[in-house]
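The sequence and the structure are shown first, and the description comes after them.

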Amino acid sequence: MKQFVSVPFEEMSLSRSDTSKAGKAEKPPWYRRPGLIATGAVFAVVGGVYVVAMPFVTPAFRRICLPFVPATDQQVKNVFKLLQGRKGSLVDLGSGDGRLVFEAAKQGFHSTGYELNLWLVWFSKMAARRRGLHKMASFYRRDLWKTDLSNYDQVVIFGVTQMMEPLKDKLSNELKVGGQVVACRFPFTDLTPIAAIEEGIDSAWLYDTTSFQNAEKQSKS
């Protein structure tokens, strides 16, 4: 006579589960998978490069690109030779790392820097605070074409050739009476400067409201 042994249901379920696990290899944790780590690292690097590079790259997609080329020490000196004896407010259009704005603040100007590159704006703000110049030197992320320049006594621009003509038109309408403009590297070709320092790449030209008014009269005659 055959004897039957009863097996509890829980033991049967456990037995089946163990059998199914035995047929499959266990996956190692993510930190032991070199392929997954390498993929994550690539995405992290690409994301980091994108975040850092985009503020430098996006200005190049604008109609007129004003690249970041730091002013030399001699260029900065020449600007303030032309502005000797002047006081009041000063704005640097495309202020870069802020070096000209810092020098203006040291010389007593209430100085402002407009810059499109967000990283350079942050850098300049931190540098101003570190140097103790933050009360006299301010920095903003602004598009110069969308900014009113009529409140400034001095306007400084390190421009490029293709921007000088539209900038001349803007300053003709916005430069305050008694205001002055220093153009560095490239002059306004159809304006007569009231003073100039011509030293190659360190050249600078000084213009005032009469320079713009005379050019406007000539264009109408």
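## Overall composition

The model described here is predicted. The protein chain contains seven helices and seven strands. Read from the N terminus, its elements follow the order α-α-α-β-α-β-α-β-β-α-β-β-β-α.

Of the 221 residues in the protein chain, 37% are buried. The accessible surface amounts to about 14,000 Å², and carbon and sulfur atoms account for 58% of that surface. When contacts between residues at least 6 apart in sequence are considered, 63% of them join residues at least 24 apart.

In soluble globular proteins, nonpolar side chains tend to be buried together. In this model the largest nonpolar core comprises 22 residues, and L93 and F188 have the most contacts inside it. At least two residues of this core come from each of β1 (89-93), β4 (154-158), α6 (161-174), β5 (180-184), β7 (204-208) and α7 (209-220). The element that gives the most to this core is α6, with four residues.

Another core, of 17 residues, lies apart from the largest one; V156, C184, A204 and L206 are among its members.

## Helix α5

Helix α5 covers residues 118-130, which makes 13 residues. From its first C-alpha to its last it reaches 18 Å, close to the 18 Å expected at 1.5 Å a residue. After α5 comes G132, which has a positive phi near 75°.

The buried residues of α5 are L120, V121, S124, A127 and A128. Viewed down the helix axis, the buried residues of α5 fall within an arc of 130°, so they line one face of the helix. An α-helix has 3.6 residues a turn, so residues three or four places apart point the same way. The elements covering the buried residues of α5 include α4, β2 (110-115) and β3. On the face turned away from the buried side, α5 carries the exposed residues M126, R129 and R130.

## Strand residue A137

A137 belongs to strand β3, which consists of residues 137-141. A137 counts as buried because its relative accessible area is 5%, under the cut-off of 20%. Leaving out residues up to four places away in sequence, A137 touches V101, F102, A105, S111 and A128.

A137 and L90 are 47 residues apart along the chain, and their C-alpha atoms are separated by 9.6 Å.

## Two buried loop residues

D97 is placed in the loop between β1 and α4 (99-106). With a relative accessible area of 15%, D97 is buried. Apart from neighbours within four places in sequence, D97 is in contact with F68, P70, F102, L120, F123 and S124.

R185 lies in the loop between β5 and β6 (195-197). R185 is also buried, at a relative accessible area of 18%. Most residues other than glycine have a negative phi. R185, although not a glycine, has a positive phi of about 75°.

Notes
Residues are numbered from 1 along each chain as its sequence is written. This is a predicted model: local features need pLDDT of at least 70, side-chain atom pairs count only at pLDDT 80 or more; totals for chains, interfaces and linings use all residues. Side-chain values use heavy atoms; hydrogens and water are left out. A nonpolar core is a set of buried Ala, Val, Leu, Ile, Met, Phe, Trp, Tyr and Cys residues joined through side-chain atoms within 4.5 Å. Buried means under 20% relative accessible area, exposed over 50%, partly exposed in between (1.4 Å probe, protein chains only). Contact means heavy atoms within 4.5 Å. Accessible areas come from the Shrake-Rupley method with a 1.4 Å probe; for residues, only the protein chains shown count as cover. The expected span of a helix is 1.5 Å times one less than its number of residues. The arc is that of the directions from the helix axis to the C-beta atoms.
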